[in-house]
Amino acid sequence: MSFLILASQSASRRAMLTAAGVAFDATFAGVDEDAAKAALVALSPRDLADALAELKATKVSARMPGHLVLGSDSLVALEDGTILDKPVDRDDAAAHLRRMSGTHHDLWSAAVIAENGRPVWRHVERARMHVRPLSDAFIETYLDTEWPAIAGCVGCYRIEGPGAQLFTKIDGSQFTVLGMPLLNVLDFLRTRGALPA
C-alpha cells in the first residue's frame, strides 16, 4: 500500500496526482454528501468545501491508520451565494448553465490530509470563473458533446475539455478548477518525506 491514500474516486484528482508523479492508492470515501451538506447548511461555501474534504479524509483515515489520507471537495457558489450541486440530469445541467451565463461564480476547492483519524493539514483555494453569455443553441450543442461525462462535475464543465469554451476569464489556479489545490498538497507531502525535497 502506498504512503498516500486518496479518499476519492474522482478521475480528475487521480489524474493530477499521477501526472505529478505521486505514488498513491485511491479508495471510495463512503461519505453521504447530501446528508453532510444538509447538516452543515449554515457554513459558508468555503467552509463547507473544507468540512466535506475533512469528513472524507478522516473517515478513510480512521480505517487506514499509519497512512496519510487526502480528502478533497469542490463546490460552486453563484454570485447570490447559491451553491450548485452536481446536476441530477441533462435538463438540470442546462438550467445550471443558464443560471451561470453572463455572470461569474466562485469555485472552491479544499484539500485535507488526515492521519490516524485526525486532520493534520488543510488548504482551501478559490477560483473565480467568468462565464460568457451562453445561447440556448450553444448550451444544447455543448450538452450533446459533454453529457453525461459532466454529470459528476460541479458547474457542469471539464475545464480541460470543451468546458473551456464557457469562460472569458478565470482568476485562479487551473489545479483548483480541476478539483484540488495540487501545489499546496505537493508542498505538504514534501515536508512529510512522501516526495523528494
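**Figure 1. Salt bridges in the predicted model.** The structure holds 14 salt bridges, a salt bridge being a side-chain nitrogen of Lys or Arg within 4 Å of a carboxyl oxygen of Asp or Glu. This is a predicted model, in which local features need pLDDT of at least 70 and side-chain atom pairs count only at pLDDT 80 or more, while totals for chains, interfaces and linings use all residues. Residues are numbered from 1 along each chain as its sequence is written, and side-chain values use heavy atoms, with hydrogens and water left out. One network of salt bridges links E33, K56 and D73.

**Figure 2. The salt bridge between E54 and R122.** The closest N and O atoms of E54 and R122 are 2.6 Å apart. Because E54 lies in helix α3 (residues 45-63) and R122 in strand β6 (residues 118-131), this pair ties together parts that are 68 residues apart in sequence. Helices (H or I, at least four residues) and strands (E, at least two) are DSSP runs, numbered from the N terminus. E54 is partly exposed, at 26% relative accessibility, and R122 is also partly exposed, at 35%. Here, buried means under 20% relative accessible area, exposed over 50%, and partly exposed in between (1.4 Å probe, protein chains only).

**Figure 3. R90 and its salt bridges with E140 and D144.** R90 meets E140 in a salt bridge of 2.9 Å, N to O. E140 belongs to helix α5 (residues 136-146) and R90 to helix α4 (residues 90-100), so the pair joins parts that are 50 residues apart in sequence. R90 also forms a salt bridge with D144, at 2.8 Å from N to O. Since D144 lies in helix α5 and R90 in helix α4, this second pair ties together parts that are 54 residues apart in sequence. R90 has a relative accessibility of 25% and counts as partly exposed; E140, at 36%, is partly exposed, whereas D144, at 56%, is exposed.

**Figure 4. The largest nonpolar core and another core.** A nonpolar core is a set of buried Ala, Val, Leu, Ile, Met, Phe, Trp, Tyr and Cys residues joined through side-chain atoms within 4.5 Å. The largest has 44 residues, of which L17, L70, L97 and Y157 touch the most other members. Helix α7 (residues 182-191) gives the most to this core, with five residues. Apart from this core lies another, of 12 residues, including L48, A57, W108 and V112.

**Figure 5. The contacts of L17.** Residues up to four places away in sequence are not counted; L17 then touches L4, L6, V22, F24, L70, M180 and L182. Contact means heavy atoms within 4.5 Å.
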